[in-house]
Amino acid sequence: MNEALLARQGWRLLMNPQSYWAKIMKGLYFPNSSFLEAKKGHRASWAWMSLLHGRELLAKGLRWQVQSGV
């Protein structure tokens, strides 16, 4: 399993929430939360479990950055 690829797909899900793919994933797996807070669920697909695995790697590299807003 290519963990970097899975983390990248998670990043795309976070950065492009209005994409068709992101809307489908949100509607199916995390309609009431964000991708970073989503749970596995009892009927998780192979693709969703893979994204959650990539999210773990992604979360290790995420950092908050405060900017001036300009």
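**Entry 1: confidence**

I began with pLDDT, which is the predictor's confidence in each residue, on a scale from 0 to 100. I noted that the chain averages a pLDDT of 88, and that 96% of the residues score at least 70. This is a predicted model, in which local features need pLDDT of at least 70 and side-chain atom pairs count only at pLDDT 80 or more, while totals for chains, interfaces and linings use all residues. Residues are numbered from 1 along each chain as its sequence is written, and side-chain values use heavy atoms, with hydrogens and water left out.

**Entry 2: elements**

I looked up the helices and strands, which are DSSP runs numbered from the N terminus (helices: H or I, at least four residues; strands: E, at least two). I found three helices and zero strands in the chain. Read from the N terminus, the order is α-α-α. Confidence is highest in α2, at a mean of 93, and lowest in helix α3 (residues 46-61), at 88.

**Entry 3: extent and surface**

I took the box along the principal axes: the C-alpha atoms fill roughly 45 × 25 × 20 Å. For the surface I used accessible areas from the Shrake-Rupley method with a 1.4 Å probe, where for residues only the protein chains shown count as cover. The accessible surface of the chain is about 5700 Å², and carbon and sulfur atoms hold 57% of that.

I then sorted residues by relative accessible area: buried is under 20%, exposed is over 50%, and partly exposed is in between (1.4 Å probe, protein chains only). Of the 70 residues, 23% count as buried.

**Entry 4: contacts and core**

I counted a contact when heavy atoms lie within 4.5 Å. Among the contacts in the chain with a separation of 6 or more, 40% come from residues 24 or more positions apart.

Next I looked for a nonpolar core, a set of buried Ala, Val, Leu, Ile, Met, Phe, Trp, Tyr and Cys residues joined through side-chain atoms within 4.5 Å. The largest one has 11 residues in all, including A7, A22, F35, W48 and L58. α1 (3-15), α2 and α3 are the elements that give two or more residues to this core. α3 gives the most, with four residues.

I checked A7 and left aside its neighbours within four places in sequence: A7 is in contact with G54, L57 and L58.

**Entry 5: A22**

I placed A22 in helix α2. A22 counts as buried because its relative accessible area is 3%. Not counting residues up to four places away in sequence, A22 touches L13, N16 and P17.

I found A4 in helix α1. A4 counts as exposed because its relative accessible area is 52%. The C-alpha atoms of A4 and S34 are separated by 21 Å, and the two are 30 residues apart along the chain.

I24 lies in helix α2 (residues 20-29). With a relative accessible area of 36%, I24 is partly exposed. Together with Y20 and L28, I24 forms a nonpolar patch on the surface, about 370 Å² of accessible area in total. Patch residues have over 30% relative accessible area and no salt bridge; nonpolar side chains (Val, Leu, Ile, Met, Phe, Trp, Tyr) are joined within 5 Å, like charges within 9 Å. A salt bridge is a side-chain nitrogen of Lys or Arg within 4 Å of a carboxyl oxygen of Asp or Glu.
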